[in-house]
Amino acid sequence: MAHYNLPTPVSEADIRKLRVNDTVTLQNTLFGIRDATQIHMFDKGRKTRFDLNGHAVIHTAPNVRKVPVSEEFPAGYQPICIGTTTSDRMERFTRPLMTENGVRMIVGKGGMREGSASAFQEIGGVYLAIIGGTAALETTWIEQIEDVDMDDLNPESLWRFKIKDFGPLLVAMDSHGGSIYQEVKGEVARNKEAVLKSLGIAS
Amino acid sequence: MQLQMKAVEEACKELYIRALKVLPDDVKAGIERLNQGESDARAQVVLKTMITNISVAEREDNLLCQDTGLPIYKVKIGRNVQLDGMALKAAIRKGCERATTEYPLRSSVVHPITRKNNHTSCGIDMPAISIDFCDDDEMLEIEMVPKGSGSENNSFLKMAIPADGINGVKAFVIESVVSAGGKTCPPTIVGVGIGGTSEQCVAMAKRAATRALGSACPDEEGAKLEQELTAAVNKLGIGPQGLGGDGTAFAVHVELAHTHITLNPVAVNMQCHSARRARATFTPDGVTYGF
């Protein structure tokens, strides 16, 4: 269980070093992405002007305040509360995010499924678990909203955040086929049999 | 008591913001209790981070979670309260909209077909408003619940049959919690509705999921089932955030209604660990706030 400080963008070699139960703190840049963003990118053929190669995306749609563009708020948005949404809904977008945009890290909550796990393994990617519902804390790790693309989808725009000491995040799915969610799923399936039995239910 | 609609509008604005910022004491105590009883090291880190987040939100005067949820306003009207029902609904809606545009909060509300967001947290039949009555004299209460989507996306109804018995109900609750896994942002309050009509059953599950921790089902059989199922779901090992551990649920809450001889409906609705709610009470002395 090692800890890594990772300035973005990262290389495939950086990612291959990571194993489940390691922890990561991200530096520099993080991109915010959500259901509508990815539906537009991969189902409606929209292209982003951002270069996501080697980067991390976080499943989010933030609370922001519209303000005049300034040095402090270059995108015209002040961050209010930025947190994380359930990743599972965006399962089918993991592979195209990696193959078409070069994304290497997904920050989210609740985990992703087999399709994401195999994409991480084949292409070199990881899922970094953040604690869902702890947005007040996460907001303190974000320095600025640097830029925004596809803002007609607001709040599900594609956001570029400037970050400092973003973490610790837990490597919950790695590029070697490891997944804490799969491990837990197996344990829960076994426990369920015993639980049903204790309730007097034949399974 | 004559209810002033301007005061209702102000309170409904205030309630949305308050609910998003400060967790009720019973929920804070619930997280502390699960943290103390947790045997899994990874789960302990998760629960401690949740506790840290609560204090960061209070210190920074910020929202606990980014998800502003679907806004739900539950109104309870006591005796001898004079009001115009349509004006009451309009005032609630206006308060919800003002919280969103003036604070500003993320509007999480879209048209279900076009997916268009009005950026007001309002739309057709949204906020969700329910109205009920109580015996208290000259009193009106509004409870606001921002219902997060992670937990709401895991809502289940089964029209079980009498031959399935209570065991069919129990098995369905266990199946639902297992299938939700970490997606609901556990530890959760698992709300279970049993009986009634299909829509009553779903509404009871929601009411159960948003009830204060420590409260019990008024029906004796329902209360017994709460205890049995709370112990059972916490043996599943899903744990906080679905990363394994003991603390899968704060509690299982049950609400029930009599049902048809041929029906055995069961519904499950869950509330995430950020089990937010806020309450305003109107009396002839003015408005007071609580949970």
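Okay, let's start where the two chains meet: 40 residues of chain A and 41 residues of chain B make up the contact, where two residues count as touching if their C-beta atoms, placed from the backbone, lie within 7 Å. On the chain A side, the elements giving two or more residues are strand S4 (63–66), helix H5 (135–139) and helix H6 (180–198). H6(A) gives the most, with 10 residues. Helices (H or I, at least four residues) and strands (E, at least two) are DSSP runs here, numbered from the N terminus.

What classes of residue does chain A bring to that side? There are 20 nonpolar, 15 polar and five charged ones. Ala, Val, Leu, Ile, Met, Phe, Trp, Tyr, Cys and Pro count as nonpolar, Asp, Glu, Lys and Arg as charged, and the others, Gly among them, as polar.

A quick word on the model: it is predicted, so local features need pLDDT of at least 70 and side-chain atom pairs count only at pLDDT 80 or more, while totals for chains, interfaces and linings use all residues. Residues are numbered from 1 along each chain as its sequence is written, and chains are lettered from A and ligands numbered from 1 in the order in which they are written.

Now chain B. You'll find eight helices and nine strands in it. Its radius of gyration, taken over C-alpha atoms, is 19 Å, close to the 19 Å that the globule rule gives for 291 residues, so chain B is as compact as a globular protein of that length. That rule is 2.2 Å times the number of residues to the power 0.38. Along its principal axes, the C-alpha trace of chain B spans about 50 × 50 × 40 Å.

Chain B has been assigned domain 1 (5–20 + 64–148 + 276–290) and domain 2 (150–271); those bounds come from an automatic or database domain assignment. Their C-alpha centres are 26 Å apart. Five residues from domain 1 and four residues from domain 2 form the contact between them.

Last stop, the largest nonpolar core, with 135 residues. Such a core is a set of buried Ala, Val, Leu, Ile, Met, Phe, Trp, Tyr and Cys residues joined through C-beta atoms within 7 Å, and buried means that 20 or more other C-beta atoms lie within 10 Å of a residue's own. Among those with the most contacts inside this core are A:Val57 and B:Cys12. Strand S9 (residues 158–173) of chain A supplies the largest share, 10 residues. And A:Val57? Its contacts include A:Phe31, A:Leu97 and A:Ile106.

Terms used
Buried ≥ 20, exposed ≤ 12 C-beta atoms within 10 Å, placed from the backbone. Lists of a residue's contacts leave out its neighbours within four places in sequence.
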